[in-house]
Amino acid sequence: MSIAKFFKPFEPVKKNQRLVLAGIWLVLVMGYWVIASLGQKHLFPSPGQVLNGFASLYNEGLVVHIASSLGLCLQATLISLVVSLTIVYLSPLPALKPLAVTLSKVRYLPLTGITFYLTILVSNARSMQVSVLVIFMSLYFITSLLAVLKDIPSEEIDHARSLKCTRWEILWEVVIKGRLDYVIDVLRQNLSIIWMMLVTVESILVAAGGLGVLIKNSDKFMNHGRIVALQLVILFLGLGLDWVLNITRKSLFRYSTF
């Protein structure tokens with residue numbers, strides 16, 4: 001096996017070769033981590049400190065906090081899906097298209113301005129957490145779904161017209177049923193937005209717990225071992241959700257080729 005071939009653009013790589021490359025990168029990262037954590041002053045906590053962080057977090061009820069975070073994300077995701085899909089599926093109606101387009105532009109608004117008005121409108125802290133996540137996920141979700149609708153080939157709509165489908169039947173068959181696999185993929189991409197905002201949102205209600213609260217507490221006491229341990233937990237949970245959604249899409253829609 002020639003090493004030089006791995007430095008050529010678009011060189012095909014076999015599955016076992018990909019595993020070897022991933023293993024080499026893992027060894028390099030772990031080696032750098034160990035070297036960077038040596039000495040009295042170091043940028044990263046040592047592997048031993050991170051392992052102690054895992055043990056400390058487990059004794060503090062890490063599993064319960066993971067369940068709390070997953071429950072919050074699930075609740076926000078379901079509400080966001082219903083709201084976003086309703087708005088996007090009605091966007092082909094000329095009267096409602098400006099609403100969908102405007103909401104997609106609102107994603108540039110900063111979090112602080114929105115939470116200020118939410119504190120006036122929402123009295124319950126848990127509802128506040130869910131509302132913030134729903135708003136931000138919906139704005140990005142609507143933007144991505146509008147792009148999916150825009151990319152529908154005109155040939156598909158013409159084909160439905162040639163079959164004597166009414167306009168509402170075209171909306172149902174081509175836009176809604178014909179793009180369900182894209183919805184799962186857009187959900188997979190946008191779920192990372194909720195996951196990244198977890199620390200900020202969960203700090204709104206400390207009593208409800210969650211991974212965000214654990215990170216805030218660890219940061220307060222400068223416990224870097226626990227912080228890195230929590231970051232790894234969040235990373236692997238996010239990758240797990242990503243994998244589950246991808247497998248679900250491929251299982252339910254075997255014709256899906258992307």
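Q: Which residues does Ser 80 touch, not counting residues up to four places away in sequence?
A: Contact means heavy atoms within 4.5 Å. By that criterion, Ser 80 touches Val 134, Met 137, Ser 138 and Phe 141. The model is predicted, with local features needing pLDDT of at least 70 and side-chain atom pairs counting only at pLDDT 80 or more, while totals for chains, interfaces and linings use all residues. Residues are numbered from 1 along each chain as its sequence is written, and side-chain values use heavy atoms, leaving out hydrogens and water.

Q: Why does Ser 80 count as buried?
A: Buried means under 20% relative accessible area, exposed over 50%, and partly exposed in between (1.4 Å probe, protein chains only). Ser 80 has 0% relative accessibility and therefore counts as buried. Ser 80 lies in helix H3; helices here are DSSP runs of H or I with at least four residues, numbered from the N terminus.

Q: What is the kink in H9, and where is it centred?
A: The bend at a residue is the angle between axes fitted to the seven residues ending there and the seven starting there. In H9 there is a kink of about 30°, centred on Gln 189.

Q: Which helices pack against the buried residues of H9?
A: These are H3 (62-89), H6 (125-150), H10 (198-202) and H12 (224-252). The buried residues of H9 include Val 186, Asn 190 and Trp 195.

Q: At what angle do H6 and H9 pack?
A: Axes are lines fitted to C-alpha atoms, for helices over the stretch in contact, and angles run from 0 to 180 degrees between N-to-C directions. On that basis H6 and H9 pack at about 145°, with their axes 9 Å apart. Among the H6 residues that meet H9 are Met 137 and Phe 141.

Q: What is the reach of H12 from its first C-alpha to its last?
A: H12 has 29 residues and reaches 42 Å, close to the 42 Å expected. Its buried residues include Arg 226, Leu 230 and Arg 249. The cover over the buried residues of H12 includes H2 (47-59), H3, H9 and H11 (211-220).

Notes
Helices (H or I, at least four residues) and strands (E, at least two) are DSSP runs, numbered from the N terminus. The expected span of a helix is 1.5 Å times one less than its number of residues.
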